[in-house]
Amino acid sequence: MRNFFEFIKKLLPLGNKKLSDIKFRTELFLKLGVIINVGFASYNIFTGILYRSVWFGGVAIYYIMLCLIKFFLIYRGFERKAGDIKELYDFRTCSIMLLVLNLTIAILICQMIWQNKSHLYGESVIYVATIFTLFRLSAAIIDTLRLRKFHSPTLYAAKALSLSVALMSFFSLQTALLDRINTDMSVKRGLNIVTGSVVGVTVATIALKSLLKAEKHLKKQ
């Protein structure tokens, strides 16, 4: 029980820190994201076992990978002092994990395209999901551009993850919207192939760029 409370205390240590601090804000959102992702992973694991569904199993693996990467960033990356060479090694490890996440994303995209899989939203919920997804994608792009002012491998990795997840959410939203408006199957598949390919290549590029960036800085040490 004591370890549990210590974990909670470490998970959300707001203290007197300001949300204007990009490093603190990023760490906070990662911690909140872990809680949410654990919930989604648990739900999809249970549903996948209950219905013997490969789709739910794949989604569960996706959320498990997100949890692992976020845990790694929180308890390794953000614990390092500025300029610590170990942060670069952690950055390289995280980049490799992003590549594994990209493989999971690619599998889900293929299932969405060829098996006509998508997330189902209620009539009112889909509008909220649309606004949230577009806001999330915009925020991820802006944060990534702003990050040029910072020289933190951990922040770079966190923002790379955020952008990758936002792109996947955007593609998932597209499949749901096309289902909602009863788009012709051939048109729907064509649009999903285009968007899915762009998302898959972009996410892979983000992961590879992160890995190359890590290797470049390590060679300078």
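## Close-up views

**View 1. Phe71 and Tyr75 sit about one helical turn apart, because they are 4 residues apart in helix 3.** This is a predicted model, so local features need pLDDT of at least 70 and side-chain atom pairs count only at pLDDT 80 or more, while totals for chains, interfaces and linings use all residues. Residues are numbered from 1 along each chain as its sequence is written, and side-chain values use heavy atoms, with hydrogens and water left out. Phe71 is partly exposed, at a relative accessible area of 29%. Tyr75 is partly exposed too, at 22%. Here, buried means under 20% relative accessible area, exposed means over 50%, and partly exposed lies in between (1.4 Å probe, protein chains only). The areas come from the Shrake-Rupley method with a 1.4 Å probe, and for residues only the protein chains shown count as cover.

View 2. Helices (H or I, at least four residues) and strands (E, at least two) are DSSP runs, numbered from the N terminus. Along the sequence, the pattern reads α-α-α-α-α-α-α. The chain has 221 residues, and buried ones make up 44% of them.

**View 3. Ring pairs join Phe40, Tyr62 and Tyr63 into a cluster.** Rings of Phe, Tyr and Trp (its six-membered ring) pair if their centres lie within 6.5 Å; planes under 30 degrees apart count as stacked, over 60 as edge-to-face and the rest as tilted. The count comes to 4 aromatic pairs. Take Phe40 and Tyr63: their ring centres are 5.1 Å apart and their planes lie at 20 degrees, so this pair is stacked. The pair links distant parts of the chain, with Phe40 in helix 2 (residues 22-51) and Tyr63 in helix 3 (residues 54-75), 23 residues apart. Phe40 is partly exposed, with a relative accessible area of 39%. Tyr63 is buried, at 16%. Now return to Phe71 and Tyr75: their ring centres are 5.8 Å apart and their planes lie at 25 degrees, so that pair is stacked.

**View 4. Lys31 and Glu27 form a salt bridge, with closest N and O atoms 3.0 Å apart.** A salt bridge is a side-chain nitrogen of Lys or Arg within 4 Å of a carboxyl oxygen of Asp or Glu. The structure holds 5 of these bridges. Why are Lys31 and Glu27 separated by about one helical turn? Because they are 4 residues apart in helix 2. Both Lys31 and Glu27 are buried.

**View 5. Arg92 and Glu215 form a salt bridge, with closest N and O atoms 3.5 Å apart.** This pair links distant parts of the chain: Arg92 is in helix 4 (residues 85-114) and Glu215 is in helix 7, 123 residues apart. Arg92 is partly exposed, at 27% relative accessibility. Glu215 is partly exposed, at 29%.

**View 6. Lys159 and Asp143 meet through their side chains in a salt bridge of 3.2 Å, N to O.** Here, too, the pair links distant parts of the chain: Lys159 in helix 6 (residues 153-180) and Asp143 in helix 5 (residues 125-146), 16 residues apart. Are these two residues, Lys159 and Asp143, buried or exposed? Both Lys159 and Asp143 are buried.

**View 7. Ile45, Ile49, Ile64 and Leu68 make a nonpolar surface patch of about 360 Å².** Helix 2 and helix 3 are the elements that give two or more residues to the nonpolar patch. Patches are made of residues with over 30% relative accessible area and no salt bridge; like charges are joined within 9 Å, and nonpolar side chains (Val, Leu, Ile, Met, Phe, Trp, Tyr) within 5 Å. Leu68 lies in helix 3. Leu68 is partly exposed, with a relative accessible area of 45%.

**View 8. Lys209, Lys213, Lys216 and Lys220 form a positive surface patch.** Lys and Arg count as positive and Asp and Glu as negative; His and the chain ends are not counted. The place of a charge is taken as NZ of Lys, CZ of Arg, CG of Asp or CD of Glu. Lys209 lies in helix 7 (residues 185-220). Lys209 counts as exposed, at 52% relative accessibility.

**View 9. Ile107 and Trp55 are 52 residues apart in sequence and 9.7 Å apart in space, C-alpha to C-alpha.** Ile107 lies in helix 4. Ile107 is partly exposed, with a relative accessible area of 47%.
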